[in-house]
Amino acid sequence: MFGKSERAEELAADITDFTAVRGRSLWRDAMDRFLRNKAAMASVVVLGLIVLFVLIGPLFAQWSNEEIDWNRMGDIRGQGMPSIETGHYFGLDDLGRDLYSRVIQATRTSLLVGLIGAAMALVVGTAYGVIAGFYGGRLDSIMMRFVDILLAIPLTLVLILILVIAGRSFTTLFIALGAVSWLTMSRIVRGQTLTLKTREFIEAARAGGVSEPGIIFRHILPNLMGVVIVYASLLVPEMILAESFISFLGLGISEPMTSLGRLIAEGAGTMAYGTLWQLLFPLFFYVTIIITMFFIGDGLRDALDPKDR
Amino acid sequence: MTAYIIRRLLIAIPTLLLLVVASFFLMHTAPGGPFTSERPLPPEVLANIEARYGLDQPLWKQLWDYLTNIVLHFDFGPSFRFKDRDVNDIIAQGFPISLTYGSLAFIAASVVGISLGVAAAIRHNTWIDYFAVSLGIAAQALPNFIMGPILILTFTLWLGWLPGGGWNGGQWQYLVMPVIALSTSYMGNIARITRSSMLEVMNSNFIRTARAKGLPARTVIWRHALKPTLLPVISYLGPVFVYVLTGSVFVDLYFSTGGLGQSYVSSALTRDYAVLLGVTILYGGLTVVVNLATDLAYAWFDPKIRY
């Protein structure tokens with residue numbers, strides 16, 4: 001009569017299963033949505049492979065990115081093609097340098113440029129936008145008018161200007177990218193802050209006697225994170241694009257450092273001589289990075305944007 | 001509306017002023033200059049040259065002269081590199097070329113992009129739709145400087161149909177590749193924005209009403225759906241114009257069209273600040289004007305916006 005009933009066991013398991021009852025945070029929700037997004041997850045995997053390649057790739061390199069292969073540099077077209085035997089897995093560039101090492105270095109540069117540019121935009125833009133939006137009034141209108149003015153200037157030209165004037169180096173490049181990338185971010189953050197500021201929980205915090213910095217750090221910033229992360233992730237490919245464009249023109253970082261834009265430019269310059277691999281390898285890495293970045297950004301937006309539930 | 005236009009114009013003035021002053025000071029604080037060379041000039045000669053270009057004056061005086069010359073005479077001063085040419089000559093020579101294919105690219109991107117987006121939304125989930133969507137995704141990875149080499153590789157090296165560069169008075173063969181290279185990525189983006197906007201509009205109540213009262217599909221689309229569809233597209237057109245301007249720097253360089261971008265990059269490399277400054281100000285001014293035009297078009301398209 002009190003024999004084992006599978007149904008009863010199931011019910012008992014259901015009752016003691018607290019995971020079903022436990023509240024789900026917004027972040028957990030967003031995480032689940034992102035994990036379910038096939039395109040975004042595939043992109044994360046591909047991008048992870050590229051990062052892995054950049055980290056581990058140099059261990060397999062038989063030539064450094066500065067070394068010139070004197071034996072083959074006279075006949076790049078005939079002997080410089082990609083091959084395992086010569087140790088030049090991606091072939092030689094026009095000057096007889098190992099393209100494998102150079103592509104790794106260029107990919108690393110481009111990834112760094114994207115991450116650091118977006119990170120700078122994230123920090124500066126968020127700080128600026130929160131201050132303008134939270135304190136409001138005249139301060140807000142002055143700060144935002146300034147942003148409007150800067151936004152009306154073609155930013156790539158400003159980037160070129162800064163690089164030419166301050167000298168072409170890694171540091172200048174990052175500062176210049178940071179200087180132009182935060183503008184739109186600050187506008188978005190300001191708009192969000194303005195709406196958050198009037199919400200009940202902020203009012204409750206005020207009534208409870210939380211200090212203004214406390215409100216900003218404990219209540220406003222955490223609520224901004226979703227929007228900020230989405231926009232920053234969309235900024236990464238934009239930064240990579242901008243840097244590649246400038247490098248293509250020959251105004252980016254200088255030799256022996258290189259970036260994907262520079263390598264594509266070099267490959268494009270020599271493609272008439274039948275050395276197509278010089279164009280195709282950097283182009284492949286470039287296109288892959290940009291497309292995966294956009295899919296990840298889109299995935300994050302779908303996951304974090306409460307409007308599109 | 002008039003008050004709005006005037007207010008916008010009043011904002012445009014400090015924008016341009018800030019642009020000029022900021023670039024001016026940036027350039028004058030830079031170490032080295034157009035006359036620094038490996039073989040240093042005798043100090044007397046250098047002093048003479050600097051006097052010729054007014055570089056011996058105090059900085060505020062230089063700035064004031066520069067500003068008044070631009071405002072009163074539309075004169076950007078002499079080039080530091082080319083002794084017989086001033087910045088106005090360089091602009092007059094290069095700008096019409098950049099403007100020609102730039103506006104063609106802008107028109108191509110808008111017209112083709114919008115048509116494609118509308119077609120994709122009407123024929124939702126057909127091959128047209130898939131094509132527009134894939135173009136929109138590819139667009140993000142195919143900016144002008146990627147399209148350029150791809151086009152030359154295909155049409156010049158493999159097929160041999162088109163000349164690989166040059167201008168030749170703007171003959172169509174010389175225009176095709178610059179226009180395609182410049183417009184593809186924006187075309188894709190415009191198509192994407194139009195498509196999603198149109199899909200949203202087609203699901204709205206007033207379209208359902210228009211359909212319910214028996215209007216033919218053609219009228220529903222042209223008379224009712226198109227205008228609200230275009231609103232987000234129009235706000236994207238301003239930025240597109242700016243991208244086309246900066247993109248033209250690449251096209252000039254890569255296709256050797258002789259446009260303004262070539263002078264811009266070479267002046268950046270030789271530190272010919274006068275040219276660099278002049279072109280930056282010209283492009284900045286154009287941007288301000290186009291942004292204004294975009295906002296006005298937006299106001300005209302959206303009756304809800306009143307100023």
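Buried means under 20% relative accessible area, exposed means over 50%, and partly exposed is what falls in between, with a 1.4 Å probe and protein chains only. Keep that handy, because A:Glu212, with a relative accessible area of 33%, is partly exposed. The model is predicted, so local features need pLDDT of at least 70 and side-chain atom pairs count only at pLDDT 80 or more, while totals for chains, interfaces and linings use all residues. Residues are numbered from 1 along each chain as its sequence is written, chains are lettered from A and ligands numbered from 1 in the order in which they are written, and side-chain values use heavy atoms, with hydrogens and water left out.

**Stop one: salt bridges**

Over all chains, a search of the whole structure turns up five salt bridges.

Now select A:Arg190 and A:Asp140, another salt bridge, where the closest N and O atoms are 2.7 Å apart. A:Arg190 belongs to helix H8 (residues 170-197) of chain A and A:Asp140 to helix H6 (residues 137-151) of chain A, so this pair ties together parts 50 residues apart in sequence. Helices here are DSSP runs (H or I, at least four residues), numbered from the N terminus. Is A:Asp140 buried or exposed? At 8% relative accessibility, A:Asp140 counts as buried, whereas A:Arg190, at 23%, counts as partly exposed.

Next, pick A:Glu266 and A:Arg262, a salt bridge with its closest N and O atoms 3.9 Å apart. They sit four residues apart in helix H11 (residues 260-270) of chain A, which means about one helical turn separates them. Both count as partly exposed: A:Glu266 at 21% relative accessibility and A:Arg262 at 23%.

**Stop two: aromatic rings**

There are 11 aromatic pairs over all chains. Rings of Phe, Tyr and Trp (its six-membered ring) pair if their centres lie within 6.5 Å; planes under 30 degrees apart count as stacked, over 60 as edge-to-face and the rest as tilted. Show A:Phe53 and A:Tyr100, an edge-to-face pair at 5.8 Å centre to centre with 80° between the planes. This pair links distant parts of the chain, 47 residues apart: A:Phe53 is in helix H3 of chain A and A:Tyr100 in helix H5 (residues 99-135) of chain A. Both A:Phe53 and A:Tyr100 are buried. Then bring in A:Phe284 and A:Phe285, which ring pairs link with A:Phe53 and A:Tyr100 into a cluster.

**Stop three: the other chain**

Switch to chain B and select helix H7 (residues 172-202), which has 31 residues but end C-alpha atoms only 39 Å apart, short of the 45 Å that a straight helix would reach at 1.5 Å a residue. That expected span is 1.5 Å times one less than the number of residues. Where does H7(B) bend by about 45°? Zoom in on B:Ser183, the site of that bend in H7(B). The bend is the angle between axes fitted to the seven residues ending there and the seven starting there. Color by burial as well: 22 of the 31 residues of H7(B) are buried, so this helix is largely enclosed by the rest of the structure.

Key: Helices (H or I, at least four residues) and strands (E, at least two) are DSSP runs, numbered from the N terminus. A salt bridge is a side-chain nitrogen of Lys or Arg within 4 Å of a carboxyl oxygen of Asp or Glu.
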